[in-house]
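Subject: Structure handover

Hello,

Here is the structure for you to look through. My notes on it follow below.

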Amino acid sequence: MLAALAIAACSSSTERPESPEPAVVAVEPVEPVEPVEPEPAEPAEPAEPAEPAEPAPEPGEPAPEPAEPAPAPGDDQGPVETGKAAWYGDRFHGRKTASGERFDQNALTGAHRTLPFGTIVRVTNLNNNKSVEVRINDRGPFGKRKRIIDVSKAAARRLGMLRSGVVPVELRVIRRPPR
């Protein structure tokens, strides 16, 4: 059956002229060309008047400070999550984490469901505005989906959440691990 299909595929009604020698095509090298950005079209009528631009500083004057410092190369002022955080400590101290390293309740580390190991995140307690940067080295939290991160006891201490156990937080990616 397969042989019949192969033969049928080879015999087509379109005849190709056969040439005695294969065709040779000479190709000259081409210099790379810079891509050209298309100019944006001007709108017919602006929807709202544009805000006036700030005047440029006089020569010798320092430039105005930006509202937020620009992230350093490699930093990712990335996604922000809000949800709840809990902490874990004594019971897990010394056990292996999902990343393979031993859990140290005195280190500033955390467990997240999806962020790559080694990612640095800033966790901010929304009840008291205290924040801490932690390194993701474990997977979790498990159980209820309302928690977005579990932090070590040391991180919980800095966040002021040891007594409450679970607090509302904002989680911001600060730096992803090198690839």
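**The loop between strand 3 and strand 4**

Asn127 sits in the loop between strand 3 and strand 4; helices (H or I, at least four residues) and strands (E, at least two) are DSSP runs, numbered from the N terminus. This is a predicted model, in which local features need pLDDT of at least 70 and side-chain atom pairs count only at pLDDT 80 or more, while totals for chains, interfaces and linings use all residues. Residues are numbered from 1 along each chain as its sequence is written, and side-chain values use heavy atoms, with hydrogens and water left out.

Is Asn127 buried or exposed? Asn127 is exposed, with a relative accessible area of 58%. Buried means under 20% relative accessible area, exposed over 50%, and partly exposed in between (1.4 Å probe, protein chains only). Apart from its neighbours within four places in sequence, Asn127 is in contact (heavy atoms within 4.5 Å) with Val167 and Pro168. Asn127 and Val169 are 42 residues apart in sequence, and their C-alpha atoms are 8.0 Å apart in space.

Asn129 belongs to the loop between strand 3 and strand 4. Asn129 counts as exposed, at 61% relative accessibility. Its phi is near 65°, a positive value in a residue other than glycine.

**Overall layout**

The protein has two helices and six strands, which follow the pattern α-β-β-β-β-β-α-β along the sequence. Of its 179 residues, 25% count as buried. Among contacts with a separation of 6 or more, 72% are between residues 24 or more positions apart.

**The core**

The largest nonpolar core has 18 residues, and Val121, Val123, Ile149 and Val151 have the most contacts inside it. Such a core is a set of buried Ala, Val, Leu, Ile, Met, Phe, Trp, Tyr and Cys residues joined through side-chain atoms within 4.5 Å. Two or more residues each come from strand 3 (120–125), strand 4 (131–138), strand 5 (147–152), helix 2 (153–159) and strand 6 (166–175). Strand 6 gives the most, with four residues. In soluble globular proteins, nonpolar side chains tend to be buried together.

Leaving out neighbours within four places in sequence, the contacts of Val151 include Trp87, Thr109, Val123 and Leu159. Thr109 lies in strand 2 (residues 109–111) and is buried, with a relative accessible area of 2%. With the neighbours within four places in sequence again set aside, Thr109 is in contact with residues including Phe103, Val134, Asp150 and Ala155.

**The largest pocket**

How much space lies in the largest pocket? About 160 Å³. On a 1 Å grid over the protein atoms alone, a pocket is an open set of points where a 1.4 Å probe fits, with protein on both sides within 12 Å along at least five of seven lines; lining residues have an atom within 4 Å of a point. Grid points are joined across faces, edges and corners, and a volume is the space filled by probe spheres set on the points.

Among the lining residues are Trp87, Phe92, Arg139, Gly140 and Pro141. Strand 1 (80–88) and strand 5 each supply at least two residues of the lining, and the largest share, three residues, comes from strand 1.

Pro141 is in the loop between strand 4 and strand 5. A cis peptide bond joins Gly140 and Pro141, with omega about -5°.

Regards
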